[in-house]
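Let's take a walk through this chain together, from its overall build down to a few single residues. Keep the viewer open as you read.

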Amino acid sequence: MRIIIVGCGKVGATLAEQLDQEGHDITIIDKHWDKLKYLSDRIDVLGIEGNGASISVQKEAGVQDADILIATTNSDELNLLCCLIAKKAGNCQTIARIRDPEYYNEMKYIREELNLSLVINPEQAAAAEVARIIKFPSAMKVDIFARGRVELIKISVPQGSELDGIALSDIEPKLHCKVLICIVERGEELLIPHGDFTLRAGDMISFIASHSVALSFFKASGANIANTVKSIMLIGGGKLSYYVAKLLEDTKISVKLIEQDFRKCENLSEMLPQAVIINGDGTQAELLDEEGISVVDAVCNFTGIDEENILLALYEKGISKAKLLTKINRINFEEVIAGLDIGSIINPNSITSDYIVRFVRALNNSKGSNVETLYKIAQGRAEALEFRVRENSKVVGRTLQELDLKPNIIIACITKGNKVIIPNGQSVIEEGDLVIVVSVERGLNDLEDILA
């Protein structure tokens, strides 16, 4: 597909890299030639210097023949204007990044009235992931499928737990929980395990289950779920902290937010009346100690500087047993960061990119299913996708053991209406089912792409 991206910042660059890996024809517009040159030297994109809201610049980028225009500049209003012009000049699909909290309750109206294909708020999407992780303090990552009925949860196998030394085939008879472990990260190895695979302490496992079964699995395996989160400290008063605090307003979780800018604290206290807002430097150990860093249940390191967030998490790890969540915007050193014990990594740019890639794949589909959900897992080395099956799909009416699957692909879950099924060889895919596939291969656009 021909895709135009307006804005060569962190989100635009991350998105361009992912869409280039998907094999699309990418043109990126930005006012800063140095950013365009840096990106075009790394990946196969065409860079155009100029104002993305200019119709002449959009025409130079080929908007008349483009399939999608994605506006990711730092200005919400400029993004909307870029999309409006693209609709008139090229009649292509349009996606706008909207971040300002003032538009929080107006997203649906904006999308419908301006005829946008998709509106994405990186911080709001990241806040939703934070809220999911907080439900399972032992989890490092929680992704949802089938409109919340199925969860893909990543945990580390604790030393001495029931999972340490157990073969996958023994999990259901011994723990009485029907879950499917679809990915194991052991050191730098990434494995899609079979039934005779034996887990070890320290393995990072990703498993699929319904919410109730996941809770039972945590209890049976000895993973620590007793310490439910009742209090949370947010360090940094940016947009992500605001959206997290907003999502937690209707819960019983007490929220304390630390921000250095006094004027920002005043605004936050008006927008978040139920949260405690502290004006101070959240990177100072003395202030953190005074505010009870050692006794809170969860700490979110959400300053605007990655290095500060990493150092804060390393410090907190030594003085607190709190659940740690650390915002990382740059992913240049992803493998190094993954080796640090700093809790759950929250990357708004990657989350945004996942949303948009899912949308692009759904548009690109012309076979027997649609991509409903897509998540990158294991530092982007694998994907979990959810497909809605249509009647003309080649997989309909056949048992899984009859399907000739490509290597490194596993059908992890089938949802039939409200019924969640962890499948076996005799399971049959039918029209209307939601099918979750976990794959080390990238670029699956359709359920039929899993066939050899």
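What follows goes from the whole chain to its sheets, its cores and some loop residues.

A word on the ground rules comes before the tour. This is a predicted model, in which local features need pLDDT of at least 70 and side-chain atom pairs count only at pLDDT 80 or more, while totals for chains, interfaces and linings use all residues. Residues are numbered from 1 along each chain as its sequence is written, and side-chain values use heavy atoms, with hydrogens and water left out.

Let's begin with the chain as a whole. Its secondary structure comes to 14 helices and 22 strands; both are DSSP runs numbered from the N terminus, helices being H or I with at least four residues and strands E with at least two. The radius of gyration is 23 Å, close to the 22 Å that the globule rule gives for 452 residues, so the chain is as compact as a globular protein of that length. Here the radius is taken over C-alpha atoms, and the rule is 2.2 Å times the number of residues to the power 0.38. Along its principal axes, the C-alpha trace spans about 65 × 60 × 40 Å.

How much of the chain is buried? Buried residues make up 55% of the 452, where buried means under 20% relative accessible area, exposed means over 50%, and partly exposed lies in between (1.4 Å probe, protein chains only). As for contacts (heavy atoms within 4.5 Å), residues 24 or more positions apart account for 59% of those with a separation of 6 or more.

Now turn to a parallel sheet. Six strands form this open sheet in the order β3-β2-β1-β4-β5-β6, with two strands counted as paired if DSSP finds at least two bridges between them. At the edges stand β3 (45-49) and β6 (118-120), each with a single partner strand, so one side of each is left without a neighbour in the sheet. From one strand to the next, the twist averages 15°. Strand β5 (residues 93-97) runs parallel to β6 and is joined to it by three bridges, and Ala 96 stands opposite Val 119 in β6. Helix α2 (residues 33-42) packs on the sheet and touches β2 (25-30) and β3, its direction making about 175° with that of β3. Such angles run from 0 to 180 degrees between N-to-C directions, with axes fitted to C-alpha atoms, for helices over the stretch in contact.

Another sheet is antiparallel: five strands form an open sheet in the order β7-β8-β11-β9-β10. Its edge strands are β7 (141-145) and β10 (189-191), each pairing on one side only. Seven bridges join β8 (residues 150-156) to β11 (residues 204-210), and Glu 151 stands opposite Ala 209 in β11. Helix α6 packs on this sheet, touching β7 and β8, and its direction makes about 105° with that of β7. Helix α8 (residues 211-221) lies across β8 and β11, running at about 135° to β11. Between β7 and β8 there are five bridges in the antiparallel sense, with Asp 143 opposite Leu 152 in β8. The hairpin of these two strands has four residues between them, and there Ala 146 takes a positive phi near 50°.

What about the interior? A nonpolar core is a set of buried Ala, Val, Leu, Ile, Met, Phe, Trp, Tyr and Cys residues joined through side-chain atoms within 4.5 Å. In the largest one, with 93 residues, Leu 199, Phe 207 and Ile 429 touch the most other members. Helix α6 (residues 122-135) gives the most to this core, with six residues. A second, separate core of 24 residues includes Ala 53, Ala 86, Met 107 and Leu 116.

Finally, visit some loops. Asn 408 lies between β19 (382-389) and β20 (409-416) and is partly exposed, at a relative accessible area of 41%. Beyond its neighbours within four places in sequence, Asn 408 is in contact with Ile 192, Val 438, Ser 439, Val 440 and Glu 441. Asn 115, in the loop between α5 (107-113) and β6, has a positive phi near 55°. For His 176, in the loop between α7 (171-175) and β9 (180-186), phi is near 60°. Is His 176 buried or exposed? His 176 is exposed, with a relative accessible area of 68%.
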